[in-house]
Amino acid sequence: MSFRPALVVVDVQEDFCPPNGALAVTGGRDIVPTINELLSLPFALRVATKDFHPQDHISFASNHPAPNNKPFVSTATIENPLNPAETQETQLWPDHCVQGTKGAELLTELDVSKVDRIVEKGQDKRVEMYSAFADPFPSPCSQSDLADTLKKAGITDVYVAGLAADYCVRFTALDAQKNGFKTWVIGEATKAVDPSSLDEVYKGYEEAGVTLIGKDDKQIQR
Ligand code: VGL
Ligand code: ZN
């Protein structure tokens, strides 16, 4: 059996980290040493993703009319632009990771010299895209080249770390598994927006066949 692992480091960006991030995840910066350690392991491919929104992105509360425009509280119904029969209820956020701003930059302490490929996502203003593969509609209107990149590199296993555990890490891991890669989430290399939601996130992993591991587990270096 071949084993060609890839590491996917999700959204380790200023806006998701204290002290100044617009959507700062508690402890977001603290996972960087662990992620740098992971980046130095012999993965066949190392990818970093960036949430990379236009200013008029649909997930920004500021782009919706009052009173349903409270970041972290309000939600909006999004239609698939390609098929209005498909709808999604989505959370609204403070403006974050706007293209060209400091908040969209990867943390300077992240060892980007080890990253082979950067994948930008969430550029389509019409849809939310937590997953680094595609938006959540059954027939996606927005897709990245991540699946192709991994397939062309002959990747068998995808290891996911980064921010946030309950949003972009979660949906990237579930999509990696759906795309046919054996998928592992490295628990202590993630932090959640809402840690109380993690039980449900982990249940979803179990149902999908995604495995939650620790960074020192030997699955990483078979
Ligand atoms: C994310 C909320 C909004 C994430 C991105 O990277 O987890 N969360 N956009
Ligand atoms: Zn976002």
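This is a predicted model: local features need pLDDT of at least 70, side-chain atom pairs count only at pLDDT 80 or more; totals for chains, interfaces and linings use all residues.
**Whole chain.** Start with everything shown as a C-alpha trace. Along its principal axes the trace spans about 55 × 40 × 30 Å. A compact globule of 222 residues would have a radius of gyration near 17 Å, and the chain, at 17 Å, agrees with that. Of the 222 residues, 41% count as buried. Among contacts with a separation of 6 or more, 73% are between residues 24 or more positions apart.

**Secondary structure.** Switch to a cartoon. Four helices and eight strands make up the secondary structure of the chain. Read from the N terminus, the elements follow the order β-α-β-β-β-β-α-β-α-β-α-β.

**The sheet.** Select β5, β2, β1, β6, β7 and β8, in that order: these six strands form an open sheet with parallel pairing. At its edges stand β5 (117-121) and β8 (211-213); each has a single partner strand, so one side of each is left without a neighbour in the sheet. On average, neighbouring strands here are turned by 25° against each other, direction ignored.

**One strand pair.** For one of the pairings, pick L7: its bridge partner in β2 is R46.

**Helix α3.** To see the buried residues, select C168, V169, R170, F171, T172, A173, L174, D175 and A176. Their cover includes β1, β2, β6 and β7, together with α4 (198-208). Beyond α3 comes G180, whose phi is positive, near 100°.

**Ligand 1.** Finally, centre on ligand 1. Which residues are around it? Select D11, F16, L23, D51, W93, Y130, L163, A164, Y167 and C168. By class, this shell has eight nonpolar and two charged residues, and no polar ones. C168 belongs to the shell around ligand 1 and is also one of the buried residues of α3.

Notes. Residues are numbered from 1 along each chain as its sequence is written. Chains are lettered from A and ligands numbered from 1 in the order in which they are written. Two strands pair if DSSP finds at least two bridges between them. Helices (H or I, at least four residues) and strands (E, at least two) are DSSP runs, numbered from the N terminus. Axes are lines fitted to C-alpha atoms, for helices over the stretch in contact, and angles run from 0 to 180 degrees between N-to-C directions. A residue is near a molecule or strand if its C-beta atom, placed from the backbone, lies within 6 Å of it. Ala, Val, Leu, Ile, Met, Phe, Trp, Tyr, Cys and Pro count as nonpolar, Asp, Glu, Lys and Arg as charged, and the others, Gly among them, as polar. The radius of gyration is taken over C-alpha atoms; the globule rule is 2.2 Å times the number of residues to the power 0.38. A residue is buried if 20 or more other C-beta atoms lie within 10 Å of its own, exposed if 12 or fewer, and partly exposed in between; C-beta atoms are placed from the backbone. Two residues are in contact if their C-beta atoms, placed from the backbone, lie within 7 Å.
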